[in-house]
Amino acid sequence: MIPWSDLQSTALLGTDRRPLPLDAEDPATALLDLAAIATVRQRAGARPDPAVEIPEPAAPDPRPELPTAASRRLALLLRDRQSSGAAVANLAELLPQWLATARDQGYRATPALVPELLDAARARSELRPDAVTLAGPLGGWLAERNHDWRYVSRTAVQGGQPQTTDQLWHEGLFAERVTHLTRLRRQDPAAARELLRSTWSTERAEDRLLFLDTLQEGLSPADEEFLESALTDRSKNCRAMAAELLSTLPGSALGQRMAERAKAAVRYQDGKLLVTPPAECDAGMQRDGIAPKSPTGRGERAWWLGEVIAATPLALWPQETGCTPAELLALPVKDGWTEDLHEGWARAAVRQGDADWARALLGQVPSSPRPGRQVVQKRQAERTAGAAAKLLAVLPPAERAAWTAGYIAGHGLGEAFQALGACAVPWTPPLSTAVVAALRRTAGSGGYPWSHSGVLGMTERALAPETATAVEELAAEAGADSPWAETFTRLAGTLRFREAMLAELLRPAA
């Protein structure tokens with residue numbers, strides 16, 4: 001028998017330079033035969049490895065498994081993320097809605113699809129909370145055996161149970177600690193606060209900032225003492241975050257201090273508002289989170305005024321003046337401080353989640369620009385749309401959609417992107433109808449689809465499936481040579497796809 005090492009040398013050098021020690025008509029074939037025989041001999045003599053210990057199975061998941069049709073749909077969304085042709089939108093854009101709907105219905109993913117689901121969420125972090133929820137205990141079990149899915153243990157999901165406090169909080173990675181704190185905060189706010197307090201002085205500044213951010217959920221008067229102590233933190237960002245949290249806490253001492261400053265800055269007299277912004281940013285204001293220098297380039301007094309108004313409880317103003325929010329916004333403001341005052345109120349409305357103030361600030365939907373004033377009014381409308389998106393988030397979903405539908409009727413789609421993004425998905429039928437009408441006007445005016453790619457992309461994810469017929473009519477109305485024909489055909493196909501997708505998930509579990 002020729003040793004394996006000799007066969008390797010002959011193979012590397014060639015049978016001409018290193019002949020085999022035997023007579024063969026075809027040396028190359030003989031070399032391969034000898035290598036095959038040697039391989040069989042080596043494998044025949046190998047001993048089997050010790051049997052691998054079978055791990056404990058994943059914890060049982062009592063939730064119903066996905067219906068068969070929905071499971072097939074998920075497989076399609078995961079494997080064909082780039083749909084072929086122009087009949088349907090990119091399927092990857094529909095995956096978030098599928099996941100959110102399946103989560104809301106309380107399903108668990110089909111076990112065979114869990115690895116692909118975890119792979120998809122690994123590539124797209126926005127999918128992770130829903131994907132991890134659907135994967136359930138099996139997802140956690142698999143993640144313990146595949147480092148590519150380590151994010152599972154760092155993803156906070158609704159209903160997730162916090163793990164052993166001492167071990168994970170003191171030894172975990174930063175993302176794992178944030179996840180643990182978030183889960184604990186949802187389950188036991190006081191325990192989460194005390195856990196954070198126990199290591200606060202030893203944490204890094206950037207970590208403290210993100211830990212503070214988790215206190216937004218379940219914020220209560222019980223947190224005030226801890227947040228007040230954070231106002232003297234050595235990190236400027238931590239101080240600002242603590243001040244912002246305290247300003248959203250009804251009845252907080254910081255809110256009262258800001259109210260005193262606001263009363264000194266704004267007075268109601270003879271049906272007018274007299275504004276005298278702070279002349280300096282004293283030590284007390286700085287302790288309450290107001291920076292002495294404006295980071296936005298605004299004048300310092302305007303900056304200080306805005307910060308005070310934004311952190312003042314909105315209930316102060318009706319108490320001081322006897323006016324409703326709408327009446328206050330209509331009052332004349334002396335010395336040109338109107339915009340700063342209203343902006344401060346808008347920030348306060350968003351921060352405090354005050355629907356009455358948000359509704360008043362949104363006010364009546366501005367009318368369409370008139371000829372000769374398009375440029376000025378277009379800029380005003382753009383500012384309105386940007387601010388509206390934040391204020392809209394304070395309102396109930398149906399009211400949000402109604403306001404946006406009215407806004408689109410007056411201004412079209414070009415300036416409504418941010419407001420549409422603030423609306424719940426799928427859009428209500430009235431909002432969807434308003435969007436379809438605006439699309440008809442846009443196509444009829446000679447515009448091009450690529451000029452509205454942002455809104456069109458949003459319609460694929462959010463337009464109510466019930467409007468598919470109306471969109472098919474738009475496709476038929478568009479000329480064969482029009483770029484809108486393909487756009488509307490594709491949009492209609494996507495709506496039909498989503499309609500079937502949602503119907504499969506909303507069907508009662510088997």
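1. Basis. In this predicted model, local features need pLDDT of at least 70 and side-chain atom pairs count only at pLDDT 80 or more, while totals for chains, interfaces and linings use all residues. Residues are numbered from 1 along each chain as its sequence is written, and side-chain values use heavy atoms, with hydrogens and water left out.

2. Helix α8. Residues 174-187 form α8, 14 residues that reach 20 Å from first C-alpha to last, close to the 20 Å expected at 1.5 Å a residue. The expected span is 1.5 Å times one less than the number of residues. Buried residues (under 20% relative accessible area, 1.4 Å probe, protein chains only) of α8 include Glu176, Arg177, His180 and Arg183.

3. Helix α12. The end C-alpha atoms of α12 (residues 236-247) are 17 Å apart, which agrees with the 16 Å that its twelve residues should span. Its buried residues are Cys238, Met241, Ala242, Ala243, Leu245, Leu246 and Ser247. They pack against α10, α11, α13, α15 and α18.

4. Helices α21 and α23. The axes of α21 (residues 397-411) and α23 (residues 429-444) come within 9 Å and cross at roughly 15°. That makes α21 roughly parallel to α23 (angles under 35 degrees). The crossing is left-handed: the near helix is turned anticlockwise from the far one by less than a right angle.

5. Their contact (heavy atoms within 4.5 Å). Ala401, Thr404, Ala405, Ile408 and Ala409 of α21 meet Pro430, Leu431, Ala434, Val435, Ala438 and Arg441 of α23. These residues divide into nine nonpolar, one polar and one charged.

Methods:
Axes fitted to C-alpha atoms, helices over the stretch in contact; angles between N-to-C directions. Helix = DSSP H or I, 4+ residues; strand = E, 2+ residues; numbered from the N terminus. Parallel < 35°, antiparallel > 145°, perpendicular 65-115°, else oblique. Nonpolar A, V, L, I, M, F, W, Y, C, P; charged D, E, K, R; others polar. Buried < 20%, exposed > 50% of the residue type's maximum accessible area, 1.4 Å probe, protein only.
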